[in-house]
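I opened the coordinates today to look up pockets, cavities and ring contacts. My notes follow in the order I took them.

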Amino acid sequence: MASSELKKNLEAERMLLTGGLKSLLPHLLRRIIRCNRHSISNTSGMAEGYKQANIVILHKSLADDFEKFCHANNGPLPLLYRSKPGDWKCPSLSSDSDIRTDCPQYRVYEHGAFTRSVKSLKEYSEQLKDMVTFYLGCSFSFEKAIQNAGIPIRNVEQECNVSMYKTAVPCYSISTFCCNLVVTMRPIPESKLEAAVLATSELKEAHGAPIHIGDPGLLGIQDLSKPDYGDPVHLHPGDIPVFWACGVTGVEAVINCRSPLAFTHSPGCMFITDLKNDSVTVGSSSEVPQVYCISQDPLHYSMVSAEATQKIKNLENLIGIDPGDRGIIHLHRPDELLKACLAISHARSVLITTGFPTHFSYEPPEENDGPPGALAIAAMLQALEKDVAIVTDQRAMDLNKKIIDDAVQLGILKRPVPLLSYRRENADSALTFLCENGNPRRPRFDHLIAIERAGMAADGNYYNARKVNIKHLVDPIDDLFLAAQTIPGVTTTGVGDGGNELGMGKVKEAVKKHIKNGDTIACDVEADFTVVAGVSNWGGYAIASALYILSTCEIHDRYLRKAVGFPQLLKKKIWLSALPSVTKEEKLLKALVQHGVRSGKTASLEMEVDGLPFYDTHSLMIEKLLQELKQ
C-alpha cells in the first residue's frame, strides 16, 4: 500500500477511535468500509446530512431499460447517477470512491436468484467491465432532516436497521423490469406526522414525502414484526407507522428481471456520497403538504396541499349559506367536505343513494333536490375511473332508471350507472348487500354517499320537514350505513340541508336544538362525514368540484399512486368535462319536471339568495363553485 494511502487510512482509524463511526465524514467512512476492518451492519444514522445511495449493477444491455424504469417510478428509484460500463467511480457523487468496495455488503444475483453476500466485488472485476452502476436515492439521507424537526428516529434509537417491506402496489413496468413497490417504515409520534411530511417532502432525491400513513394492511403488509428486509422496529405508544418509497424496489426489479448476473447493495448497507442534503424551503402553498385522518378502522391518513385544502374550504363556505334562516348554519362542522372527499378519492367503488318522498300525496312523491347532486357526483366518479352505483327505493326504480337514461343522453354521465334496490329480509341482509358472500373482508363498496335521502329518526320513522311520517314510502337503506360502521375500510358521507337526511345523525343534537321540529325529525343514523349545505344539491356539486381539486393536486396525486407511475394530470380535460355546469343543471331539472318530479322547497318560494329567487339559485351556486376552481 502506498504511503499516502496508508496515512489516509490511519487518519480514518484515529478519527474513528475519537468520535465513533457516526461522526466521520463520508470520505473517511468509505475508507473504513473499504478496509473492512470494522463490522458495519447498516449505514443508518451515519454521515448525518449527507446523501446515501442504493446500488444496482446490471449488464450494459439492460441499462437503458432500467433507467426508463427508474424514471417511471421515481418515488422509490430517484436516479442520482448512472455510470458508464466498467466505470467504478462516480465523480459527481464522490471524489474518491470505488463501487466494488465502498458498500459494507453486497448481494449477488444469478438469473434472479440471490446466491451470496460479499464484502467486496473485486473478484468480479472482469465481469464489471461490461456492467453499469446505478446510484439511487435513499431514505437514510433524510434522517437528519427528520431529527432537526424534533422527531425521533426509532431504528437509530434502537440501534438497528430500518424495516423494509414488500407491498401489493405494482410499479410501472418497463420491458423486463416489473415488480411491486418496497417501502421503509418509520414510527412517528401522531403529533409529529405533519412535521415529518414537511421535513421530507422536498427531499425528492431521498424519496420525498411518505406514500402511506397508517394501517400497513392497506399496502398489503400483514405483519410489521416481520420485515422482508432490515430489522423489526418497535413502535412506542402513540406512534403511527409511516411508509416511504424505498430503493430496495430496485432489488426486486433485479430479481424479476432474471439477468444472468447482477449486483446490489445489501439492504441498509448504502453507498455514502459526498453530497449534502441542502436545506430546502417550500416555496408556495401549492407545495405545502397537509395531513388529515380519513379513517380509524383501518387507520388511514391522507395528504393534500395547503392550496387545495383552502379551495375546498372555500367551497364548503359557499354551500353553507342558509336560505330562509332555517338554522342549518348550526349544523356545520368544519373540514367535513374536505375529509369526505379525501376518503372518496381513495375509494375504488362508491355507492350513492338519494330520494326524499316529501310529496307523499303525489305520484311520484320525490322532490328534485337530491338526484341532480347525486348525478353530479356520479359523473365525476366515472371520470376518475371509479366504480359507482346508485341504490334507491324499489318503488322508485323505474323513475330513477329514466333519470339516469336522461343524464346519459344529456351528456352528464358517460354511461348508465348501475341501479340497485335493497330489501331487509333478515338480520344479515345489509352485510350481504355490501360484501361478497356477506364477508366483511370483501366489501363491494368502500364508500357510501347519501344525498338528500330520507333518514330514520330515533323512533324508527321517517319524517319530512313538516313532521309528516313518510315511512311507508322509504326502504330501509339506512341499514347499509349502519352495517358500514362494522366493516373495516368502508366509510360514509351524508349530505343534507335540514337534519332529517340520512347521515345527519352525527349532528342530531344540533338539529334538535336549532331546526324546526328537530326533536321529532332529526335523523338518528350517523355518517362518518356530514356535509351540510343550504340545498343538498349544492353539496353534491361541491363534492364533484372538490374531487376535481384533489385530482389536480400534485401532492395528493402522488400520494394516491404511491409515487409510482406517472402523474395523472394528463386526464385533466376529462375531469373538467365531468364538472357540473349551468347548462347541464337546467336540462336535468327540465327532464325531472317531465317525469313529474316537483321541488321540495314549496314552503320557501319567497326565499332569495343574492337577490335571486330560490329556484334560480342552483345555477348561481354552480357558477360560484366553478369560479372558485378558476382561482
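What volume does the largest pocket have? I read about 1400 Å³ for the largest pocket. The model is a predicted one, and I kept that in mind for every entry below.

**Overall**

The protein has 631 residues, of which 59% count as buried. I counted its secondary structure as 21 helices and 22 strands. The C-alpha trace spans about 100 × 45 × 45 Å along the principal axes. I also checked contacts between residues at least 6 apart in sequence: 75% of them join residues at least 24 apart.

**Largest pocket**

I went back to the largest pocket and listed its lining, which comes to 43 residues. H300, H346, A347, R348 and D446 lie nearest the centre of the largest pocket. β13 (289-296), α10 (336-346), α17 (536-551) and α18 each give at least two residues to this lining. By class I noted 17 nonpolar, 13 polar and 13 charged residues in the lining of the largest pocket.

**Second largest pocket**

The second largest pocket has a volume of about 920 Å³. I found 39 residues in its lining, with T552, C553, E554, I555 and L569 nearest the centre. Elements that supply two or more residues here are β14 (299-305), α9 (306-319), α17, α18, α19 and α21 (617-630). Which element gives the largest share of the lining of the second largest pocket? I noted α18, with 5 residues. The lining of the second largest pocket divides into 18 nonpolar, 10 polar and 11 charged residues.

**Cavities**

I then searched the whole structure for cavities and found 6 of 30 Å³ or more. The largest cavity has a volume of about 100 Å³. Its lining includes P372, A376, A379, I412, Y541 and K584. α11 (371-383) and α20 (582-594) are the elements that give two or more residues to the lining of the largest cavity. I sorted that lining by class and got 9 nonpolar, 1 polar and 2 charged residues.

**Aromatic pairs**

My search of the whole structure gave 11 aromatic pairs. I wrote up two of them.

Y135 and F271 pair edge-to-face, at 5.3 Å centre to centre and 65° between the planes. Y135 belongs to strand β5 (residues 131-137) and F271 to strand β12 (residues 271-276), and the two are 136 residues apart. Are Y135 and F271 buried or exposed? I have both Y135 and F271 down as buried.

Y172 and F566 also form an edge-to-face pair, at 5.0 Å centre to centre with 75° between the planes. Why does this pair tie together parts that are 394 residues apart in sequence? Because Y172 lies in the loop between β6 (163-170) and β7 (180-189), while F566 lies in the loop between α18 (554-560) and α19 (572-578). Y172 has a relative accessible area of 40% and is therefore partly exposed.

**Charges over rings**

Last, I looked for charged side chains over rings. R100 lies over the face of W88, 3.6 Å from the ring centre. The charged end of R186 sits over the ring of W244, at 5.8 Å from its centre.

Technical notes:
Residues numbered from 1 in each chain as written. Predicted model: local features only at pLDDT ≥ 70, side-chain atom pairs only at ≥ 80, totals over all residues. Heavy atoms only, no water. 1 Å grid on protein atoms, 1.4 Å probe; cavity = no way out; pocket = protein on both sides within 12 Å on 5 of 7 lines; lining within 4 Å. Points joined across faces, edges and corners; volume = space filled by probe spheres on them. Helix = DSSP H or I, 4+ residues; strand = E, 2+ residues; numbered from the N terminus. Nonpolar A, V, L, I, M, F, W, Y, C, P; charged D, E, K, R; others polar. Phe/Tyr/Trp six-rings, centres within 6.5 Å; stacked < 30°, edge-to-face > 60°. Buried < 20%, exposed > 50% of the residue type's maximum accessible area, 1.4 Å probe, protein only. Lys NZ or Arg CZ within 6 Å of the ring centre and 35° of its normal. Contact = heavy atoms within 4.5 Å.
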